[in-house]
Amino acid sequence: MTTIPVQYYLIVAAALFCIGLAISITKRHFIGMLLGIELMLNAVNINLVAFGRHDPERLSGQLFALFVIVVAAAEVTVALAIILRVYGRFKTVDPDKVNELKQ
């Protein structure tokens, strides 16, 4: 059985990162932006694990990927709390309509 070359992992990760970047730039609400950021973090995880496979004695790629997953989970928790507070205050999740920070 042959192994998958690292170039395929990098191509998939680059495509996933570009899709996430396009989503986070073009979406007009906070949830869409959050989903785009999560796709970009998953692309980073694919790169870390792909490069971690080339050094089987050291698990640094997998450990960094685990760290990125933990940071992404914390980021989602904080971002959703902020989104709920913004929605409770302004009754919208459109970032263009939320233009005042202090009343």
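Residues are numbered from 1 along each chain as its sequence is written. Because the model is predicted, local features need pLDDT of at least 70 and side-chain atom pairs count only at pLDDT 80 or more, whereas totals for chains, interfaces and linings use all residues, and side-chain values use heavy atoms, with hydrogens and water left out.

The secondary structure of the chain comes to three helices and zero strands, where helices (H or I, at least four residues) and strands (E, at least two) are DSSP runs numbered from the N terminus. Along the sequence the pattern is α-α-α. The radius of gyration of the chain, taken over C-alpha atoms, is 18 Å, well over the 13 Å that the globule rule (2.2 Å times the number of residues to the power 0.38) gives for 103 residues, so the chain is more spread out than a compact globule. The C-alpha trace spans about 60 × 25 × 20 Å along its principal axes.

The two helix pairs are set out below, with axes being lines fitted to C-alpha atoms over the stretch in contact and angles running from 0 to 180 degrees between N-to-C directions.

| Pair | Angle | Axis distance |
|---|---|---|
| H1 (residues 6-26) and H2 (residues 30-52) | about 165° | 7 Å apart |
| H2 and H3 (residues 60-90) | roughly 175° | within 9 Å |

H1 and H2 are therefore roughly antiparallel (an angle over 145 degrees), and H2 and H3 are likewise roughly antiparallel to each other. In the contact of H2 with H3 there are 17 nonpolar, four polar and two charged residues, with Ala, Val, Leu, Ile, Met, Phe, Trp, Tyr, Cys and Pro counted as nonpolar, Asp, Glu, Lys and Arg as charged, and the others, Gly among them, as polar. Contact means heavy atoms within 4.5 Å, and the residues of H1 that meet H2 include Val6, Tyr9 and Leu10, while those on the H2 side include Gly32, Met33 and Phe51. This contact of H1 with H2 has 18 nonpolar, six polar and no charged residues.

Conventions:
Parallel < 35°, antiparallel > 145°, perpendicular 65-115°, else oblique.
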